Amino acid sequence: MDHDLVFARDGFKLYRGEAGGPQDPEKVSARWRTARNRLHLPENFRLHDWRASKITNDLDNHENPVEVSANARHHSPGYTMARYGRRRAEGAKKLAASSAARIGLSSLV
């Protein structure tokens with residue numbers, strides 16, 4: 001049963017001496033609000049947004065996908081690459097090419 005609890009994974013300790021136990025979702029949310037305010041992050045910024053940025057940045061910096069996947073606690077490097085393997089530079093090139101085509105710059109080349 002779920003009981004609406006948040007669980008810490010593996011050996012991560014949110015409480016002294018207890019690893020992987022249930023955490024009250026309201027307390028986890030309160031800790032996140034405190035950290036978010038301290039870092040001056042927008043109110044709608046989610047913890048998962050930060051995690052996704054870290055994974056994407058690591059892959060963009062040519063970190064080992066196996067290690068990135070393990071750090072993200074994904075079940076396989078293939079999942080990590082399928083989900084986050086799109087390079088920002090490739091996306092920027094596609095966006096620039098489509099914008100150029102839309103305004104007619106592609107015919108000038």
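User: Before we start, when does a helix crossing count as right-handed or left-handed?
Analyst: A crossing is left-handed if the near helix is turned anticlockwise from the far one by less than a right angle, and right-handed if clockwise. In this predicted model, helix 2 passes helix 3 in a right-handed crossing.

User: OK, and which residues make that contact?
Analyst: From helix 2 there are R51, I55, D58 and L59. Helix 3 brings P65, V68 and A72.

User: At what angle do helix 2 and helix 3 pack?
Analyst: The angle is about 170 degrees, and the axes are 10 Å apart. Angles over 145 degrees count as roughly antiparallel, so helix 2 and helix 3 are roughly antiparallel to each other.

User: Let me step back. How many helices and strands does the chain have?
Analyst: There are 5 helices and 4 strands. Along the sequence the pattern reads β-β-β-β-α-α-α-α-α.

User: And where is confidence lowest and highest?
Analyst: Strand 2 (residues 13-15) is lowest, with a mean pLDDT of 55, while helix 3 (residues 65-72) is highest at 90. Over the chain the mean is 77, and 72% of residues reach 70 or more. Where pLDDT is low, the predicted coordinates should not be read in detail.

User: Switching to charges. How many salt bridges does a search of the whole structure find?
Analyst: The search finds 1. D58 pairs with K54, and their closest N and O atoms are 2.9 Å apart.

User: Where do D58 and K54 lie?
Analyst: Both lie in helix 2 (residues 47-60), 4 residues apart, which is about one turn of the helix.

User: Is D58 buried or exposed?
Analyst: Buried, because its relative accessibility is 16% and the cut-off for buried is under 20%. K54 counts as partly exposed, at 49%.

User: What about T80, where does that lie?
Analyst: T80 lies in helix 4 (residues 77-84). T80 is buried, with a relative accessible area of 0%.

User: What is T80 in contact with, leaving aside its neighbours within four places in sequence?
Analyst: I55, L59, V68, S69, H74 and G85.

User: Last one: how much of the chain counts as buried?
Analyst: Of the 109 residues, 16% count as buried. As for contacts between residues at least 6 apart in sequence, 20% join residues at least 24 apart.

Methods
Residues are numbered from 1 along each chain as its sequence is written. This is a predicted model: local features need pLDDT of at least 70, side-chain atom pairs count only at pLDDT 80 or more; totals for chains, interfaces and linings use all residues. Side-chain values use heavy atoms; hydrogens and water are left out. pLDDT is the predictor's confidence in each residue, from 0 to 100. Helices (H or I, at least four residues) and strands (E, at least two) are DSSP runs, numbered from the N terminus. Buried means under 20% relative accessible area, exposed over 50%, partly exposed in between (1.4 Å probe, protein chains only). Contact means heavy atoms within 4.5 Å. A salt bridge is a side-chain nitrogen of Lys or Arg within 4 Å of a carboxyl oxygen of Asp or Glu. Axes are lines fitted to C-alpha atoms, for helices over the stretch in contact, and angles run from 0 to 180 degrees between N-to-C directions. Angles under 35 degrees count as roughly parallel, over 145 as roughly antiparallel, 65 to 115 as roughly perpendicular and the rest as oblique.
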